[in-house]
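These are my notebook entries on one protein. I set down what I looked up, step by step.

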Amino acid sequence: SFFVIPLYLYCLIRYLLFLFIIIGVVNAEFLGEIILRKDEAKKIEFFVENSKKTLTFRWTLYKDGVLITHFKYDGIPYQFSLYKEHANSAKITLSSINNANNTNPYVIFYFIDYDDISKEARFRYYIYNFDNNVEVM
């Protein structure tokens, strides 16, 4: 069975997340916005724990409001189904150095929109819980 969040609750959650980012409760930084066509790959390089790491991602299918995305970070593949109205984010953990206190740095990609005319998907991505051990190159 599929769980659907009412629109007002979804908007409230997004607003609270934005508010937490603004007031500094969540250590986050906006990295950018990306527009990709089907099978077009985006590559982002990070310097994590004194080593260079590469994250690549692309999408392969958009149907009925669901976008199938493929990520690869540090040689590990990930696949996410992102929905236009809810469950629209993919989280990739960049490091597990702080595993005991659950403050590992991670990147979240938000699926913002799909343009039916140009056949392009738009994403925003943020880095969370970063410190001096993580740099975006």
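Is I13 buried, partly exposed or exposed, and at what relative accessibility? I looked up the value in this predicted model and found 46% relative accessibility for I13. Buried would require under 20% and exposed over 50%, so I13 is classed as partly exposed.

I located I13 in helix α1, which covers residues 7-23.

I turned to I108 and placed it in strand β7, residues 106-115. Its relative accessibility is 10%, and because buried means under 20%, I108 counts as buried.

Entry on the neighbours of I108. Which residues does I108 touch, leaving aside those up to four places away in sequence? I listed S89, A90, K91, R124, Y125, Y126 and Y128. For A90 I also looked up the C-alpha separation from I108, which is 5.5 Å, although the two residues are 18 apart along the chain.

Entry on the whole protein. Of the 137 residues, 35% count as buried. I noted an accessible surface of about 8,500 Å², with 53% of it belonging to carbon and sulfur atoms. Finally, I looked up the contacts with a separation of 6 or more: residues 24 or more positions apart account for 43% of them.

Definitions and conventions. Residues are numbered from 1 along each chain as its sequence is written. This is a predicted model: local features need pLDDT of at least 70, side-chain atom pairs count only at pLDDT 80 or more; totals for chains, interfaces and linings use all residues. Side-chain values use heavy atoms; hydrogens and water are left out. Buried means under 20% relative accessible area, exposed over 50%, partly exposed in between (1.4 Å probe, protein chains only). Contact means heavy atoms within 4.5 Å. Accessible areas come from the Shrake-Rupley method with a 1.4 Å probe; for residues, only the protein chains shown count as cover. Helices (H or I, at least four residues) and strands (E, at least two) are DSSP runs, numbered from the N terminus.
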